[in-house]
Amino acid sequence: MISGLIICASLTVVDGDTVKCDGQNMRLLGEGVPFVSGIDTPEIGSHAKCIKERKLALIAKGRLKELLAERGLKVVFSGAVDRTQMHRPLVNIYRTNGEEIGKTLLKEGFARAWSPTQRNDWCD
């Protein structure tokens, strides 16, 4: 797969770490994240392990919606897909000020780095 700029007529939020570009689910990579499957945010709905995780998931999703509401976003495909069963394309989304959205979510505490060996516990 070749990395590069992606043009999205429609860019919407699925959950805190997944966006939909013209119907295709894509996972936020998060600039500087050490693993190749991107950032991790709390799970939504029945995938959540506790009520706290479910609430945090809605907050993370809301923050991502706020960030995606900006004009002039640049979606860049990394050339890789995530290591989950869904094999979603991994993307970085840049704001007009150059800030990468996944990195912003990490910095603000809405996301954590994803690790292939350990699931994040959002219920503690």
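Guide: Let us begin with Arg 95, which counts as buried at 18% relative accessibility; the model is a predicted one, and the values discussed here are computed.

Visitor: Why is Arg 95 called buried?

Guide: Buried means under 20% relative accessible area, and Arg 95 has 18% relative accessibility, so Arg 95 counts as buried.

Visitor: Why is the contact between Glu 31 and Lys 103 called a salt bridge?

Guide: The distance from N to O is 3.9 Å, and the cut-off is 4 Å, so this pair also meets the definition. Glu 31 lies in the loop between strand 4 and strand 5 (39-40), and Lys 103 lies in helix 2, 72 residues apart, so that the pair links distant parts of the chain.

Visitor: Are Glu 31 and Lys 103 buried or partly exposed?

Guide: Glu 31 has 32% relative accessibility and therefore counts as partly exposed, and Lys 103, with a relative accessible area of 43%, is partly exposed.

Visitor: What makes Arg 63 and Glu 108 a pair that ties together separate parts of the sequence?

Guide: Arg 63 forms a salt bridge with Glu 108, the closest N and O atoms being 2.7 Å apart. Arg 63 lies in helix 1, whereas Glu 108 lies in the loop between helix 2 and strand 8 (112-113), so the bridge joins parts that are 45 residues apart in sequence. Arg 63 counts as buried at 18% relative accessibility, while Glu 108 is partly exposed, with a relative accessible area of 37%.

Visitor: Which residues are linked in a network of salt bridges?

Guide: The network links Asp 17, Arg 27, Asp 82 and Arg 88. Arg 27 is also one of the residues that lie nearest the centre of the largest pocket, whose lining has 21 residues.

Visitor: What is the make-up of the lining of the largest pocket by class?

Guide: That lining has 5 nonpolar, 7 polar and 9 charged residues, and about 410 Å³ of space lies in the pocket. The second largest pocket, with a volume of about 190 Å³, has a lining of 8 nonpolar, 1 polar and 3 charged residues.

Visitor: Which residues of the largest nonpolar core touch the most other members?

Guide: Of its 18 residues, they are Leu 28, Leu 64, Val 91, Ile 93, Ile 101 and Leu 105. Helix 1 (51-68) is among the elements that give two or more residues to this core, and helix 1 gives the most, with 3 residues. In soluble globular proteins, nonpolar side chains tend to be buried together.

Visitor: What is Val 91 in contact with, beyond its neighbours within four places in sequence?

Guide: Its contacts include Ile 6, Met 26, Leu 28, Val 75 and Phe 77, as well as Arg 27 and Glu 100.

Key:
Residues numbered from 1 in each chain as written. Predicted model: local features only at pLDDT ≥ 70, side-chain atom pairs only at ≥ 80, totals over all residues. Heavy atoms only, no water. Core = buried A, V, L, I, M, F, W, Y, C linked by side-chain atoms within 4.5 Å. Buried < 20%, exposed > 50% of the residue type's maximum accessible area, 1.4 Å probe, protein only. Helix = DSSP H or I, 4+ residues; strand = E, 2+ residues; numbered from the N terminus. Contact = heavy atoms within 4.5 Å. 1 Å grid on protein atoms, 1.4 Å probe; cavity = no way out; pocket = protein on both sides within 12 Å on 5 of 7 lines; lining within 4 Å. Points joined across faces, edges and corners; volume = space filled by probe spheres on them. Nonpolar A, V, L, I, M, F, W, Y, C, P; charged D, E, K, R; others polar. Salt bridge = Lys/Arg side-chain N within 4 Å of Asp/Glu carboxyl O.
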